[in-house]
Amino acid sequence: MRSQVLSGAALLALVLASSPTRAEEPIGCDKFKWPIVREQAALAAADKQSIAPESALAPGTAALVHLAPVEQAHFALEPQRTPAAASNAAVLKFTAPAAGVYTVSLSAGAWIDLIQDGAALKPLAFSGVRECPHIRKSLKFQLAPQEALIQISNVAEREISVVVMPQ
């Protein structure tokens, strides 16, 4: 009996050791994968424009977005990650003035879908950390010089600061 218990424990340990674990996000501003000084300063600005959940956002200018309950969001496409029922969301428009790489940075944890030409774009890169003042997440996207939508979902808070910066 004892050998069966040990065999079961060994099997469980093997399964747990080989299971993929979700990596915890690093702690501290220095753990971002790229410099975030411009984005962090923009998100920290006290004079940010305050906007509604379905507003326009100017690239290079941070905004404080007042979010709506996710059930009230008018998503252009279903978010690629299903939003939690009690979360908040927004859909923002902006126009990329030139083709290139842009970062979308947020002050809090959230899911981002960026849409151009009716299709969700895959981020070129993602970086997120905990315990960094004013910035929690930053994603890089390759954009064409035209209108885009930022779908923000799965936000616990009722407000989030957002900035889009060209590289």
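Predicted model: local features only at pLDDT ≥ 70, side-chain atom pairs only at ≥ 80, totals over all residues.
1. A disulfide here is a pair of cysteine sulfur atoms within 2.5 Å. By this rule the count comes to 1 disulfide. Residues are numbered from 1 along each chain as its sequence is written, and side-chain values use heavy atoms, with hydrogens and water left out.

2. Let us start with the overall layout. The protein chain has 2 helices and 11 strands, where helices (H or I, at least four residues) and strands (E, at least two) are DSSP runs, numbered from the N terminus. Along the sequence the pattern reads α-α-β-β-β-β-β-β-β-β-β-β-β. Of the 167 residues in the protein chain, 40% are buried; buried means under 20% relative accessible area, exposed over 50%, and partly exposed in between, with a 1.4 Å probe and protein chains only. Contacts (heavy atoms within 4.5 Å) are counted next: among those in the protein chain with a separation of 6 or more, 78% are between residues 24 or more positions apart.

3. Which cysteines form the disulfide? They are Cys29 and Cys132, with their sulfur atoms 1.9 Å apart. The pair links distant parts of the chain, 103 residues apart: Cys29 sits in the loop between α1 (2-18) and α2 (37-44), and Cys132 in the loop between β8 (125-128) and β9 (137-143). The torsion about the S-S bond of Cys29 and Cys132 is about 105°, so the disulfide is right-handed.

4. Are the two cysteines buried or exposed? Cys132 is buried because its relative accessible area is 8%. Cys29, with a relative accessible area of 27%, is partly exposed.

5. The loop between β8 and β9 holds two further residues worth a look. Glu131 lies in this loop and has a positive phi of about 60° although it is not a glycine. Glu131 counts as exposed because its relative accessibility is 63%. His134 is in the loop between β8 and β9 as well, and has a positive phi of about 75°, again without being a glycine. At 42% relative accessibility, His134 counts as partly exposed.

6. Gln40 belongs to helix α2. Leaving aside neighbours within four places in sequence, Gln40 is in contact with Cys29, Cys132, Pro133, His134 and Ile135, a list that includes both cysteines of the disulfide. The C-alpha atoms of Gln40 and Arg136 are separated by 9.2 Å, and these residues are 96 residues apart along the chain.

7. Next comes Lys137, placed in strand β9. The side chain of Lys137 does reach the backbone oxygen of Ala110, at 2.4 Å. That is a polar contact, meaning a pair of N or O atoms within 3.5 Å; within protein, one must be able to donate a hydrogen and the other to accept it, and residues adjacent in sequence count only if both atoms are side-chain atoms. Beyond its neighbours within four places in sequence, Lys137 is in contact with residues including Phe32, Val104, Trp111 and Phe126.

8. Now the sheet. Two strands pair if DSSP finds at least two bridges between them. An open sheet is formed by 5 strands in the order β3-β4-β10-β6-β7, with antiparallel pairing. Its edge strands are β3 (68-69) and β7 (119-121), each pairing on one side only. Strand β6 (residues 111-116) is joined to β7 by 3 bridges, and Gln116 has Ala119 in β7 as its bridge partner.

9. Finally, strand β11 (residues 159-166) is mostly covered, with 6 of its 8 residues buried. Strand β2 (residues 63-66) pairs with β11 in the antiparallel sense over 4 bridges, where Leu64 stands opposite Ser161. Strand β5 (residues 100-106) also runs antiparallel to β11, joined by 5 bridges. There, Val104 stands opposite Val164, and Val104 is also one of the contacts of Lys137.
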